[in-house]
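These are my notebook entries on one structure. I looked up how its parts touch one another.

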Amino acid sequence: MATQQSRSAARLMMAPAVVLLLGWMLVPLSMTLYFSFKKYLPLRGGDLGWVGFENYSRFVSSSAFWPSVQTTLIIVGSVLLITVIFGVLLALLLDQPMWGQGIVRILVIAPFFVMPTVSALVWKNIFMDPVNGLFAHLWRVFGAEPVQWLSQASLPSLIMIVSWQWLPFATLILLTAIQSLDSEQLEAAEMDGASPLKRFWYIILPHLGRAITIVILIQTIFLLAVFAEIFVTTGGAFGTKTLTYLIFQRVLESQNVGLGSAGGVYAIILANIIALFLMRIVGKNLDA
Amino acid sequence: MARAVTQQRKIINTVLAWVIGLLIFFPILWTFLTSFKTEATAIADPPVFLFFDWTLENYTEVQNRSDYLKHFTNSVIIAVGSTILGVLIAIPAAWSMAFVPSKRTKDILLWMLSTKMLPAVGVLYPIYLIFIELRLLDSKIGLTIILMLINLPIIVWMLYTYFKEIPNEILEAARMDGATLKSEIFYVLTPMAVPGIASTVLLNVILAWNEAFWTLNLTAAKAAPLTAFIASYSSPEGLFYAKLSAASTMAIAPILIMGWFSQKQLVRGLTFGAVK
Amino acid sequence: MGGITLSQVSKRFGTTEVIRPLDLEINDGEFVVFVGPSGCGKSTLLRLIAGLEDVSGGAILIDGNDVSNTPPAKRGLAMVFQSYALYPHMSVRKNIAFPLKMAGMNKAEIAKRVDHAAHILSLTDYLDRRPGQLSGGQRQRVAIGRSIVREPQAFLFDEPLSNLDAALRGNMRLEISELHQNLKTTMIYVTHDQVEAMTMAYKIVVLQNGVIEQVGTPLELYRNPANLFVAGFIGSPSMNFATGLAAEKYDATTIGFRPEHLKLFAEGGDWHGTVGVSERLGSDTFLHVNIDGIGQVTVRSDGDIDIRYGDTVSVTPDPARIHRFDASGVALQ
């Protein structure tokens, strides 16, 4: 409902944002597509011509590909599992009456605001260093041999760091969702004789279903792109090379742009599949 | 719940929540404490918690050795600059979508959000090339533009949801009162949306401040913001825990404080309004 | 000064025609009320005149000038919205001053006009408050104040009283009528409430489904409704209708007779029936009588009539006040 004049004004005012984002999407994307069909080695001869789908098949058949997929899946899956399960429990706890709720909330949320490079470095050195790290001290107190965290248990260590960063996000969103649950529903269930466990299972959990889905989708997109944590801690060594990191290495470290671009296209397709589900949920919400 | 809870349960809740809360917060607290220790105390075995000689020397040391202030300034310029630029571009767009919706509005909005999902690594090389071509590598301007672009969808989205809460009648009243489009946006919409714009700015400064893919890959010494500066501390040699802690504390303190203020808006911004 | 002419004005949203091409003449200084059930197009028509919507066809003339493509700001009209649409971040003073500021008037003149408007509307003590600190009636007055300071060609009111409680609504009705007497400026007033229409209007425009059913003074509409719809819409309680044999006696498909034009007898009248529920208002009593061969009919009678549920009565309509309608619902003269 508006006049022609305001409609054309609206189109004009929307233009900068639309044009910028369109450019931001199309220009690099088409360049990546272009490179992915070329043998392109900037430091070793540059553009060596079209190679069709060779980069795509080589990227998939390289010995580093499947391990990187596995690593990616392990990291994403474990972090999702940890953050969602502990997020639900923590959100339930924080929703209970207690003293100093506001402060506890702040304490729990804090890690989300720590920049990834800082959290990676602090964990790597101050906590996980095998000689001077806090964990090493702790292990020695119990007479155990300190663990070489980032080389011997590199994946669990990385999962722990990333989970620490994302647990607050999951908790905050799930807490918000729990607080929107009508308490009369729970009281009605209690009147109907449902035990606390049953109330959780039949009322709270279904109510959280949507929020959990959203947490999973959004985190997946960000977790697939985890970069700084690996860059700072292991540099992709000790079996921590994810798909993202593999592409990064192909492009910038070994300067094989064609191969890296083909990997990039795979990553884009993967992210888009997940984004599709997320957008469907967000879109439904727009109508409501 | 309206029902009285037994004192006992409240005590158990409180203790449990505080223990978990402190456990989660502990790495930050420990970093903060370590930043006031000498390097020797920082790695003392057994670790010293509170009773040590507090010193500020690490902070001056970090500044002297690596020009911390320069990187801090870079961070501020890039984070604040990209946010303000984004908000200026997003306000008119969000106005259009909120108050002059068409059949395509929803699609445009969702498309904008979907660009946010594009994995950065997929377009790393093209951006790298374009930056070399335009001489934007290791420049604050280049990084500001990139961060503006990656956060623009969130800014548009957040402003859109805030604008939607303003009744259209008020803007129509302004139109009837003789306001031009410019004064309608400037005198009526913007002042009414101040809380929404403020929380949008806050969240996006946080996101830009902590962004650690483009900042690591597109900067060197000159334009490096704190993310990249801190990453340069990754060499494990020498006694440097206290200094690392001091640098880290300074890098996260401002954003931690901002984050505490914006917790509520955070959910709306990060879930695209899907969780309320 | 403020004559408004609509010529063949129509409005479509997509494929639905909200306003069918219509003509309407509003004379300078008139108080015109658009009335009709919700969804009849009355608010859309007002928004077309305001310029908040484009016409799909036809032309709108103010003072003889075609303003169909003029933006709202330039039409010289002021509007009071249903929600009042006050600017919540501005004080009452700034709200009232806003249109003048937009017009680029100098500060001294603005202050003078704001004070004058505040005085007329008894808002002087509230000038420095925010809209959020005012009662519903005060907000309404601020909205009116904001519209009168500009000295517009015409005022547009979009259901301005629907958010007020009943007592306040009665007061504001008087205030707005009083304002019109003082300003003598054209006012167009949209409402779904026929009581507001009858009490305030000089001219009523009855709309249904985007079509003007009838235009006339309140009494013209009451006495000579042009069709069944207007007959049923104007008047409270609404007109009774009868079809079949009762109507054929009067050479019509349908006849209508108002509750106040029925006489009640113990026996010997034209129609016979049983009394159902009666609503006693003190001044009057509305009886719902079930008449054989006609059905439920409302009868207005004395406040202190002695009658009970289930009594049998006999009813006679005033023959001079019977409205006759043909098969298509149009009134027969």
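Entry 1. Before counting, I noted that a salt bridge is a side-chain nitrogen of Lys or Arg within 4 Å of a carboxyl oxygen of Asp or Glu. I also noted that the model is predicted.

Entry 2. I looked for such bridges between the two chains and recorded zero salt bridges between chain B and chain A. For polar contacts, I recorded ten residue pairs between chain B and chain A, both residues at pLDDT 80 or more. On the side of chain B that touches chain A, helix α1 (residues 7-34) of chain B gives the most, with 19 residues. I then sorted that side of chain B by class and found 77 nonpolar, 19 polar and eight charged residues.

Entry 3. I looked up the extent of the interface. In it, 104 residues of chain B are in contact with 100 residues of chain A. Chain B and chain A bury about 9,200 Å² between them, and 79% of this lies on carbon and sulfur atoms. Within chain B, the residues that lose the most area to chain A are B:I24, B:Y125 and B:Y241, together 8% of what that side buries.

Entry 4. Domain 1 and domain 2 of chain B bury about 1,000 Å² between them, 77% of it on carbon and sulfur atoms.

Note on methods: Residues numbered from 1 in each chain as written. Chains lettered and ligands numbered in written order. Predicted model: local features only at pLDDT ≥ 70, side-chain atom pairs only at ≥ 80, totals over all residues. Heavy atoms only, no water. Contact = heavy atoms within 4.5 Å. Buried area = accessible area lost by both parts, 1.4 Å probe. Polar contact = N/O pair within 3.5 Å; in protein donor to acceptor, adjacent residues only side chain to side chain. Helix = DSSP H or I, 4+ residues; strand = E, 2+ residues; numbered from the N terminus. Nonpolar A, V, L, I, M, F, W, Y, C, P; charged D, E, K, R; others polar.
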